[in-house]
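Welcome, and thanks for looking at this with me.

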Amino acid sequence: MSGTKQTRKKIMVMGGDGFCGWPTSLHLSNAGHEVIIVDNLSRREIDVELEAESLTPIQPLGKRLEAWEDITGKTIRFHRINIAEQFDALLHLLVTEQPDAIVHFAEQRSAPYSMKSAAHKRYTVDNNMNATHNLLAAVVESGLDIHLVHLGTMGVYGYGTAGMAIPEGYLDVEVTTEAGERVEQQILYPTNPGSVYHMTKSQDQLLFQFYNKNDRIRITDLHQGIVWGTNTEETKLDERLINRFDYDGDYGTVLNRFLMQAAVGYPMTVHGTGGQTRAFIHIQDTVRCIELAIAHPPSPDEKVLIFNQMTETHRVRDLAEMIAGLTGAEVAYVDNPRNEAAENDLHVKNELFLSKGLQPITLNEGLLTEVTKVAEEYSHRADMDKIPARSTWTRSHKPGIPGEKASK
């Protein structure tokens, strides 16, 4: 943060029990805001479905909130609502509480999970698109001036090589009319989703554009890179507050998976050639960016603000080799279960958050070691059978399992 003091706001965090939502809720509460978590606890139900718990022991949400109040004296309230299905309850809550801002995390966030089967594809579309649309419709119906901050994904841009630095949401174009006149326009950067999950995030953009244009809802859309790290300053205060550490093939993010695999002596699974370039951000920067977005809302006359919420890009195989150098872990090149380019370059603009005072946390040995220590401490909870990425994009793709020769 830049150190500027914020006005105390009432903030609802939709999906506040999740990997990004929980540390964001604590961070905003610690900063002095009144925080209300709204969640249907679906991520915990998916743990049961997949039989793959977080590597770190997650307390029931009630115990988490009790611990936060015990340690800090601050209260975070909780309402269990499925915003994708319970529109009337959502609208009643908005009218009753009248929040200044809403942070929207309430979407199924895993690309592999969204590709597991037809049922998982349908669930992801039903949940994500209805959650976003219900939220927008409820804000309009409430008549309140609420700033909506949405966690999107860099994946809406696709993972091909753009041949340019990807702008923050909008692309300046020039078209020629039939009369030969040149007309300059600004359009949403063309989406190129690589999974059903990413497709829902692409659709979110269109919903935001319409409701912003039609109803002047103030919206900030954060296109976030891959999150790494586990804990923030707040979640480290007590083990009861510890954040999720997903390591399984559906929900574990690539860098955290590498660090966990190194910690438990499992080969680091690099999909295909490992030539995929991805954008990354540390979980501590995620919560700081959310706070910055809330502190700098657009005016009702402004179009949707779109920030690229990332701090650096890396090629996957380079990350694996770096961690192997630090830990001595084995690198295993396995089949890529995803339908994507084998190699890509990625250049991204992120000037907006930097201009708002973000001082980025970048990959360093200390933080990598910190995550590895968390993985080592809870390694006894790891189920080795859950580590490989088994969800495939098409019937012709193969799971990424070490020991099975990667397809050329």
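1. First, a word on terms: helices (H or I, at least four residues) are DSSP runs, numbered from the N terminus. Their axes are lines fitted to C-alpha atoms over the stretch in contact, and angles run from 0 to 180 degrees between N-to-C directions. Please keep in mind that this is a predicted model, where local features need pLDDT of at least 70 and side-chain atom pairs count only at pLDDT 80 or more, while totals for chains, interfaces and linings use all residues. Residues are numbered from 1 along each chain as its sequence is written, and side-chain values use heavy atoms, with hydrogens and water left out.

2. Let us begin with helix α6 (residues 118–142) and helix α7 (residues 196–215), whose axes come within 10 Å and cross at roughly 15 degrees.

3. By class, the contact of α6 with α7 has 11 nonpolar, six polar and three charged residues. Here Ala, Val, Leu, Ile, Met, Phe, Trp, Tyr, Cys and Pro count as nonpolar, Asp, Glu, Lys and Arg as charged, and the others, Gly among them, as polar.

4. α6 also meets helix α4 (residues 87–97): the axes come within 9 Å and cross at roughly 45 degrees. That is why α4 and α6 are oblique to each other; α4 passes α6 in a right-handed crossing. F87, L90, L91, L94 and V95 of α4 touch N134, L135, A137, A138, V139, E141 and S142 of α6. This contact of α4 with α6 divides into nine nonpolar, two polar and one charged residue.

5. Now look at helix α8 (residues 254–264) and helix α10 (residues 316–327), with axes that come within 10 Å and cross at roughly 30 degrees. That makes α8 roughly parallel to α10. V254, L255, F258, L259 and A262 of α8 are in contact with α10 through V316, L319, A320, I323 and T327. What classes do these residues fall into? In the contact of α8 with α10, nine are nonpolar, one is polar and none is charged.

6. A search of the whole structure finds two cavities of 30 Å³ or more; a cavity is a set of points on a 1 Å grid over the protein atoms alone where a 1.4 Å probe fits but cannot get out. The second largest cavity holds about 30 Å³ of space. F19, R109, D246, Y251, G252, T253 and N256 line the second largest cavity (lining residues have an atom within 4 Å of a point).

Conventions: Helix = DSSP H or I, 4+ residues; strand = E, 2+ residues; numbered from the N terminus. Parallel < 35°, antiparallel > 145°, perpendicular 65-115°, else oblique. Contact = heavy atoms within 4.5 Å. 1 Å grid on protein atoms, 1.4 Å probe; cavity = no way out; pocket = protein on both sides within 12 Å on 5 of 7 lines; lining within 4 Å. Points joined across faces, edges and corners; volume = space filled by probe spheres on them. Left-handed = near helix turned anticlockwise from the far one by under 90°.
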